[in-house]
Amino acid sequence: MFPRENHSNGYEQVHQVGGMDHTHSHIHRERVRRGTRRLRGSSSSPSLRVFDQSQPNHHRPPCTDFDVAYFHSYAHLGIHQEMIKDRVRTETYREAIMQHQSFIAGKVVVDVGCGTGILSIFCAQAGAKRVYAIDASDIALQANEVVKANNLSDVVVVLHGRVEDVEIDEEVDVIISEWMGYMLLYESMLGSVINARDRWLKPGGLILPSSATLYMAPVTHTDRYNDSVDFWRNVYGINMSAMVPLAKQCAFEEPSVETITGENVLTWPHVVKYIDSYSVTINELESVTTKFKFNSMMRAPLHGFAFWFDVEFNGNAIVSTNYNSTTSFIDNHQMNGSQRKKRTNPNEALVLSTAPEDPPTHWQQTLIYFYDPIELEQDQLIEGLVTLSQSRENARFMNIHLEYTSGGRSHVKESVMR
């Protein structure tokens, strides 16, 4: 067990098959936006902690080969540089920590998927008594050096291992994590946050972010379609239309992570999934289904659906969260379509948004394109359902099943986010 008061070395290692939970790895994908992202005692006697994964453990899921590859990808510094350079992301997290300083000062914090350790250091700067910075990727080795270089080894303890494998001998007051993947749920890192919550968080403890909401909306994007498909109809005066079917498959078979604007969005968004960090379970994340109904606000070709998310940092959620108030928030958010970035008054929660109308982030938006556009009239109905489920092949992948009907025609689109 860890000594409770003397952590001046600040680094402990958990030997395991693979690494840990972190956010957003583009494993086996070529459209890599973050390097590979779509991983991560006493001063005189450094500690090395070894855990035997072969022993039964109720909170320890197996570490698969896919997990090993996932964690290994987060050892690449370029991924972390891109995340840290995302000022919307990093500055919102720092502001959230400082706004919740009264919850953090003198308290024990766990940083799930600490990466370079920047959020752990923010918490130490906010006065945390101790911060357990957990990461399975080898970036934890560098994180420990960063902690020592900033003279914080007596506060920040770097644990090199999966959340599911490490042991902490005390309850914690705060859990912080930047767990969100593309389309919010890609990479399934939230499961590790839930694991940490259920094992270590004190009753009444704080989780940052406190909630998350995934949205979807129909979009038009003629320039993207023309660039990917219509380009082949006339290439330097040569008819290459025979390439069009292959061009559609190559461009639109898989989800596309890219940046759009509010002008591409045809309606107010629909809430796909609301997540309360204090009550969400691992089982409910295995498959998410929602029915949707939109009326186009304009006449335009419908090229597909866009997905984005926001997360909220709200310490008041500890005091009062109930189903009715949550439902009311979602309904109002969906109706007015607003994505709040900064608080307009001290009682309003801070929100980190990846919406098309907000400042861009490294998450961008995720688009599911149709192979052929649908010509919409103003007020035309678009309805259907979408199911997001963890892949049986690899739980960090996401299967997307989309059914939609408009203008009397029904369509189905299946894709996998790898």
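1. **Overall make-up.** The protein has 10 helices and 17 strands, where helices (H or I, at least four residues) and strands (E, at least two) are DSSP runs numbered from the N terminus. Please keep in mind that this is a predicted model, in which local features need pLDDT of at least 70 and side-chain atom pairs count only at pLDDT 80 or more, while totals for chains, interfaces and linings use all residues. Residues are numbered from 1 along each chain as its sequence is written, and side-chain values use heavy atoms, with hydrogens and water left out.

2. **Burial and surface.** Of the 418 residues in the protein, 58% are buried; buried means under 20% relative accessible area, exposed over 50%, and partly exposed in between (1.4 Å probe, protein chains only). The protein exposes about 17,700 Å², with 51% of that supplied by carbon and sulfur atoms. Accessible areas come from the Shrake-Rupley method with a 1.4 Å probe, and for residues only the protein chains shown count as cover.

3. **The largest pocket.** This pocket holds about 600 Å³ of space and has 28 lining residues, with Ser188, Gly191, Gln390, Ala395 and Arg396 nearest its centre. Helix 1 (65-73), helix 7 (190-200) and strand 15 (381-390) are the elements that give two or more residues to the lining, and helix 7 has the largest share, with four residues. On a 1 Å grid over the protein atoms alone, a pocket is an open set of points where a 1.4 Å probe fits, with protein on both sides within 12 Å along at least five of seven lines; lining residues have an atom within 4 Å of a point. Grid points are joined across faces, edges and corners, and the volume is the space filled by probe spheres set on the points.

4. By class, the pocket lining has 13 nonpolar, eight polar and seven charged residues. Here Ala, Val, Leu, Ile, Met, Phe, Trp, Tyr, Cys and Pro count as nonpolar, Asp, Glu, Lys and Arg as charged, and the others, Gly among them, as polar.

5. The whole structure has 15 salt bridges, each a side-chain nitrogen of Lys or Arg within 4 Å of a carboxyl oxygen of Asp or Glu. In one of them, glutamate 91 pairs with arginine 87, with the closest N and O atoms 2.5 Å apart. These two are four residues apart in helix 3 (residues 87-99), so about one helical turn separates them. Arginine 87 is exposed at 59% relative accessibility, whereas glutamate 91 is partly exposed at 31%.

6. **Aspartate 198.** This residue is found in helix 7 and meets arginine 197 in a salt bridge (2.8 Å, N to O). Aspartate 198 is exposed at 55%, but arginine 197 is buried at 11%.

7. **The loop between strands 11 and 12.** Which residue does arginine 299 pair with in a salt bridge? The partner is glutamate 377, with the closest N and O atoms 3.5 Å apart. Arginine 299 lies in the loop between strand 11 and strand 12 and glutamate 377 in the loop between strand 14 (365-376) and strand 15, so the pair ties together parts 78 residues apart in sequence. Arginine 299 is exposed at 65% and glutamate 377 partly exposed at 41%.
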